[in-house]
Amino acid sequence: MSRMLKEKIALLLLLLPGAGFILAFFVLPLIATVLSSFGLINFAGESGFTLAHYSELKKDFYSVAFIFSLWIGLGSSFGSLMIALPLCLIIREKVPGKELINSLFKIPLVIPALIATYMLMTVIAPHGLFNLVLLKLNIIDKPLQLIQDKWGIGILLVQIWKNVPFQAVIILAVMESINKELIDAARNLGAGSWSIIRHILIPLSMPGILVALILVFIRAFGGFEIPLLIGPVYPTTIPVLMYRSAMEDGNWGLAGALATVIIVTSILVIAGYNRLSQKVHG
Amino acid sequence: MDTRRGARYLWFLKQGGFRRLFVWLFITLLLISIVVPLIVMVLWSLIDPQVGWEYPDLYPKAFSLHFWRHLLSLEEVPRAMALSFTIAPVVTILTGILALPTAYVLGRKSFWGKGLIEIMVLLPIIIPGITVAISLGSIFNRLGLSQTIPGIIMAHMLVVMPYMIRTVTSTFKAIPQDVIDAAYDLGASPLQVAKYILIPLVMPGLFAGGVFTFIYSIEEFVLTFIIATPTYQTVPTLLFSYLGYYFSRPLASAISLIILVPTIFTLFLAEKFLKAEYLSSGFGKF
């Protein structure tokens, strides 16, 4: 056996434990899901090619769910960014109590989605503390409906609460790697803080900002337990419908078609990110 | 007196006080939004069932440990806790062992098709887990892994594997080739190089990956829910059932705190010992 071949086999064997695990238990089930949406694999019954599950998706009911999921995905990612970005800019500077802020703001990062949902639900419910304080301060005169509302405000609040530190950690890592001399040079040339932020910090953090937006979009778009608990019954998101059609109606093919919609959307978003990040990197 | 205060106020604004005011307001609101829900949860877990927490009260009028005692008397709660907290370290160790060789190859070798494998390793992060949950469930069914503890462990490993591979890969990348070459020049065997150079240098990465793995294993819900309930309950699936069929706010609060205290503690521990770049390399740039 030639040395080259031996080395290749060694590489393959080393790759196998980690990458092989993902291949066997993520990629194959993923393919099975897509095949089941065309009726080619049937987990309960006979199989045969069909597009019936996809023509089912033409119903308004499903397009509303798709638009609602997009809204949740976009609202969560940009909503989180609107807080995470200023937070990063503040933490970068010398603020008193920086250490404390630095560890406290990360708490939601490790709080499970289920608990985060339940915690915020308790606070923002019509009879929760948030409405109570606003009522006592006479800011509103009747409780705001923030959970199970048809705009999904509750879902967005939980997603934003949970994802601000997630985005901030990613963006901060990129921001910290920006050459300090560049900022000093700009300051010496008379640039104010605002123009340093606008012309140096934000453009150079763009790769991190994009990753942060994409990851939160996908997590929120494909998230299941948060909309199930705090979202309205109608409209609802694609993952919730997928769960219902598989677990409650036993319609695996339709569930597969809905899963395929999530998969294709995620892949398109990642592909879009790749195009964009090539532009950003020049 | 008043004019002087006014003057001082104007001076404050001129010195960039507006910006400072904004920063303070921002940070205060952020910290309130994080801390208040936690406090509300502690209060709910401590209410007195005789008195309760009635609507227009800002805080409960009486406290008791009733629900904590009740919680620990329910057989399923200590059982779920024991399961969650034994599975998490097992998942962490197994994931570390499986990820290590793969991360070594991805971090230090170049070969045809590497990009493809890197993308594949990322898939569990960039494609929502629910899309595989159902077919994984039926594959596990056929393999006899449904409703078993090894099944839960494997499902958790799947969710955390990409994070582990990525953090360890980036630590492998950072090891200077000179160190390895020097060891070989001095007559070290590949095994010695692995034992005395690669493994010690990659430890921080493994540790950082382990923090992720531990936390994500404790919080994993979707796959556990589909694969293991009702035979086995982890703390999150138990919490889910408390939020659904028999909703009890005090009980749900107490269970949540049981998960939160150790995970927040793990976070602070990790913060103390790890540099920020380790935490972010798990999902930083693609």
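Predicted model: local features only at pLDDT ≥ 70, side-chain atom pairs only at ≥ 80, totals over all residues.
## A tour of chains A and B

Residues are numbered from 1 along each chain as its sequence is written, chains are lettered from A and ligands numbered from 1 in the order in which they are written, and side-chain values use heavy atoms, with hydrogens and water left out.

**Stop 1: the helix pair.** Select residues 113-124 of chain A for H6 and residues 129-136 of chain A for H7. Helices here are DSSP runs (H or I, at least four residues), numbered from the N terminus. The two pack at an angle of about 25°, with their axes 4 Å apart; axes are lines fitted to C-alpha atoms over the stretch in contact, and angles run from 0 to 180 degrees between N-to-C directions. H6(A) makes the contact (heavy atoms within 4.5 Å) through Thr122(A), Val123(A) and Ile124(A), and H7(A) through Leu129(A), Phe130(A) and Asn131(A).

**Stop 2: loops of chain A.** Go to Gln148(A), in the loop between H7 and helix H8 (153-176). Its phi is near 50°, a positive value in a residue other than glycine. Next, select Tyr234(A) and Pro235(A), which are joined by a cis peptide bond with omega about -5°. Pro235(A) lies in the loop between helix H11 (225-230) and helix H12 (238-248) of chain A.

**Stop 3: a loop of chain B.** Thr229(B) and Pro230(B) also have a cis peptide bond between them, with omega near 10°. Look for Pro230(B) in the loop between helix H9 (222-228) and helix H10 (235-243) of chain B.

**Stop 4: two domains of chain B.** Colour 11-45 as domain 1 and 67-282 as domain 2; these bounds come from an automatic or database domain assignment. Their C-alpha centres lie 33 Å apart. Five residues of domain 1 are in contact with nine of domain 2.

**Stop 5: the two chains.** Show both chains: 81 residues of chain B are in contact with 83 residues of chain A. The count of salt bridges between them (a side-chain nitrogen of Lys or Arg within 4 Å of a carboxyl oxygen of Asp or Glu) is zero.
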